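Good morning, and thank you for coming.

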Amino acid sequence: MSRTHQIDEETFRAILPEQIDWRPFAAFPPDVRLAVVVGHPAEPGPYLIRVKAPLGAKLMPHRHPEDRIYTVISGVFYIGFGDKFDGETVTAYPPGTVLVLPGDTWHFHWAKSGEYVTQVTAIGPLGLEYANAADDPRQSSVNQQAHVS
């Protein structure tokens, strides 16, 4: 009995670290990078992405509609919960940690002690909603473009 493959998983391939294509992502602060490793996050179906945040970067309170599985690849990943950022409540997770984050959970990240890289596995489409619209970099871009015109 033949089984249908997932999108972007039809053939064997290896993705080496130097092949990871880090790019800015409109919904992240400008210095945080995202790499799509497998799949198409904007579409329905499984995807695997990586997020790299430099020392001091904060992803303010936000949530995703999709359930997510995070794996800490490098650095220490600090995460807190709720719709207000509180650096006193973050928990540190070392490399190798796997975190299960149910969809619609308000949370925030902080690269408190140095750069971190996390890997996220989920079923798309990827969604990201900030608790405070003023924290959403996509809103800043729209506002900056409006002032330029």
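I begin with a term: a residue is called buried under 20% relative accessible area, exposed over 50%, and partly exposed in between, using a 1.4 Å probe and protein chains only. The model is predicted, so local features need pLDDT of at least 70 and side-chain atom pairs count only at pLDDT 80 or more, while totals for chains, interfaces and linings use all residues. Residues are numbered from 1 along each chain as its sequence is written, and side-chain values use heavy atoms, with hydrogens and water left out.

Let me start with strand β10, residues 116–124. Seven of its nine residues are buried, and the strand is thus mostly covered. Strands here are DSSP runs of E with at least two residues, numbered from the N terminus. Two strands pair if DSSP finds at least two bridges between them. Strand β3, residues 45–53, runs antiparallel to β10 and is joined to it by nine bridges; within this pairing, glycine 45 stands opposite glycine 124. β5 is also antiparallel to β10, with six bridges, and isoleucine 69 has threonine 121 as its bridge partner in β10.

β5 has a further antiparallel partner in β8, through four bridges. There, tyrosine 70 is bridged to leucine 99. Strand β8, residues 98–101, shows a covered face with Leu99 and Leu101, and an uncovered face with Val98 and Val100.

A separate point concerns an open sheet of five strands, paired antiparallel in the order β7-β6-β9-β4-β11. Because β7 (91–93) and β11 (129–130) stand at the edges with a single partner strand each, one side of each has no neighbour in the sheet. β4 and β11 pair in the antiparallel sense over two bridges, and arginine 63 stands opposite glutamate 129 in β11.

I turn to the aromatic rings. Rings of Phe, Tyr and Trp (its six-membered ring) pair if their centres lie within 6.5 Å; planes under 30 degrees apart count as stacked, over 60 as edge-to-face, and the rest as tilted. The whole structure holds five aromatic pairs. One of them is phenylalanine 25 with phenylalanine 28, edge-to-face, at 4.9 Å centre to centre and 70° between the planes. Phenylalanine 25 is partly exposed at 27% relative accessibility, whereas phenylalanine 28 is buried at 8%.

Why is the pair of phenylalanine 85 and tryptophan 110 called edge-to-face? The planes of these rings stand at 70°, with the centres 5.8 Å apart, and the pair is therefore edge-to-face. Phenylalanine 85 lies in the loop between β6 and β7, and tryptophan 110 lies in strand β9, 25 residues apart. Tryptophan 110 also has lysine 58 over its face, at 4.9 Å from the ring centre; the rule for this asks for NZ of Lys or CZ of Arg within 6 Å of the ring centre and within 35 degrees of the ring normal.
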